[in-house]
Amino acid sequence: MSLPLVLEPTELATLLADIQAEGNTLTQAHLCVVDLRSAEAYAAGHLPGAVHGDAALLNRVDSPMGGLMPDPDQVNTFLANIGANLGDQIIAYDGGRETPAARLMWVLDAYGYEVGSWLNGGFAGWQAQGLPVTREVPDVRPGQLSLSLIGDNVISADNLMAELDSPTLSILDVRSEAEFNGTDVRSAMGGHVPGACHLEWTEMLDEQGRLLDDDTLQSALDARQINLDDTVIVYCQTHQRSAVTYVALKHLGYGDVRALDGAWSNWGNRADTPKE
């Protein structure tokens, strides 16, 4: 099964209905739908067949740095808990205008499993379409999918420092304007990576948390001279918000998109990193 990276709620609803009409389970259809909201939100109602996933396993903390690439034990525990098996299409959603589902797409890519879809608008987008919700919790057998880190969509602070003068490098800071300007300081030092352009992550979303249309998204990137063939580095404070930007860029066809590992919680807490 091959589904787009950005999946519309109506597309997923049709797929789920077809699977049910054929008398198959999601497992038999090689589909794994994972809800990354809180356990309480999941219990109150979720997509039919969806399992709950612990978004904390998608992050690693090494204080003062947060949002680091999770290690293989964390990732494989997460995959086992949601019942994922090799060949499954993993469809992730959160509440909408949130970040965990996009974070999972980035982690899966980093581990070489590019068979994921992000539900456009999340649970809020699903509800807005009047699509079915259930409290029934499916039986989940531990999944057998086991992955190893490749990491070609992440860049360390040291490697980024060495590449700052590259003419094919573009950097997107997707934090708030105050964070970008250094008036809202959330690490030892404020400011931004030299040469970074500012594009707050929410500017790519509508009020319901859906991505804006492709032309509008591309125009915003063109205005900042972010070219399709560039290596594009995205960051926020801990690569939660910038994970949504990562998904948007990959959706638009940007081939080389990388997150700054630890984001500003790394760069802004180091004395040796240049800042503007």
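This is a predicted model: local features need pLDDT of at least 70, side-chain atom pairs count only at pLDDT 80 or more; totals for chains, interfaces and linings use all residues.
In which sense do S8 and S12 pair, and over how many bridges? I looked this up to start: the pairing is parallel, over 2 bridges. Strands here are DSSP runs of E with at least two residues, helices are runs of H or I with at least four, and both are numbered from the N terminus. Two strands pair if DSSP finds at least two bridges between them.

Residues are numbered from 1 along each chain as its sequence is written, and side-chain values use heavy atoms, with hydrogens and water left out.

Next I followed the sheet. It is open, with 5 strands in the order S8-S12-S11-S9-S10 and parallel pairing. I found S8 (154-155) and S10 (197-198) at the edges, each pairing on one side only. Isoleucine 155 stands opposite leucine 260 in S12.

Then I turned to the helices. H8 and H9 pack with their axes 11 Å apart, at an angle of about 105° (axes are lines fitted to C-alpha atoms, for helices over the stretch in contact, and angles run from 0 to 180 degrees between N-to-C directions). H8 is therefore roughly perpendicular to H9, a label for angles of 65 to 115 degrees. I listed who meets whom: Asp214, Leu217, Gln218 and Leu221 in H8 meet Leu249, His251 and Leu252 in H9.

Last, I checked leucine 79. Beyond its neighbours within four places in sequence, its contacts (heavy atoms within 4.5 Å) include Ala84, Ile90 and Leu108.

Note on methods: Angles under 35 degrees count as roughly parallel, over 145 as roughly antiparallel, 65 to 115 as roughly perpendicular and the rest as oblique.
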